[in-house]
Amino acid sequence: VTSVEIKSAYSAQAAERLAAHGIRNVTLEVGDGARGWPRNAPYDVIVLTGSTPLLDDAFQNALNAGGRLLAIVGEAPVMTARLITCETPGACRAAGLFETCVPALQNAPQPKRFVF
């Protein structure tokens, strides 16, 4: 298991809690994973813990064949939890699971905005 956290204090807290429970199979990384984390790719499962207005292709490209990605995509108040399954490299299918609203990942990609 690899966990990426942009805030080092959160990663340090996670390390303490994992150690307290004797969990040793988790690698904690500090960095900005809002556009993917190719360092240990490919992955069997990717779970984004915050929303993203646009889902970067890097996440799908980092999946193993048969891998799954759970992401909340959209902007408040309209967001959808999506399950994306990689059938073969470069061929994924997506299913909308439910509507929700959660805070966005820091530095998540943004859509181009209309400007006068």
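**View 1. Val 47 lies in strand S3.** Strands, like helices, are DSSP runs numbered from the N terminus (strands: E, at least two residues; helices: H or I, at least four). This is a predicted model, in which local features need pLDDT of at least 70, side-chain atom pairs count only at pLDDT 80 or more, and totals for chains, interfaces and linings use all residues. Residues are numbered from 1 along each chain as its sequence is written, and side-chain values use heavy atoms, with hydrogens and water left out. Val 47 is exposed, because its relative accessible area is 52% (exposed: over 50%; buried: under 20%; partly exposed in between; 1.4 Å probe, protein chains only).

**View 2. A nonpolar patch sits on the surface.** Its members are Val 45, Val 47, Leu 70, Leu 83, Leu 97 and Phe 98. Together they have about 490 Å² of accessible area (Shrake-Rupley method, 1.4 Å probe; for residues, only the protein chains shown count as cover). Patch residues have over 30% relative accessible area and no salt bridge; nonpolar side chains (Val, Leu, Ile, Met, Phe, Trp, Tyr) are joined within 5 Å, like charges within 9 Å. A salt bridge puts a side-chain nitrogen of Lys or Arg within 4 Å of a carboxyl oxygen of Asp or Glu. Strands S3 (43-52) and S6 (91-100) each supply at least two residues of the patch.

**View 3. Strands S4 and S5 run antiparallel.** Eight bridges join S4 (residues 63-75) to S5 (residues 78-88). Pairing requires at least two DSSP bridges between two strands. Ile 72 has Ala 81 in S5 as its bridge partner. The hairpin between S4 and S5 passes through two residues.

**View 4. S5 also pairs with S6, in the antiparallel sense.** This pairing has nine bridges. Met 79 stands opposite Thr 100 in S6. The hairpin of S5 and S6 has two residues between the strands, and Gly 90 takes a positive phi near 85 degrees there.
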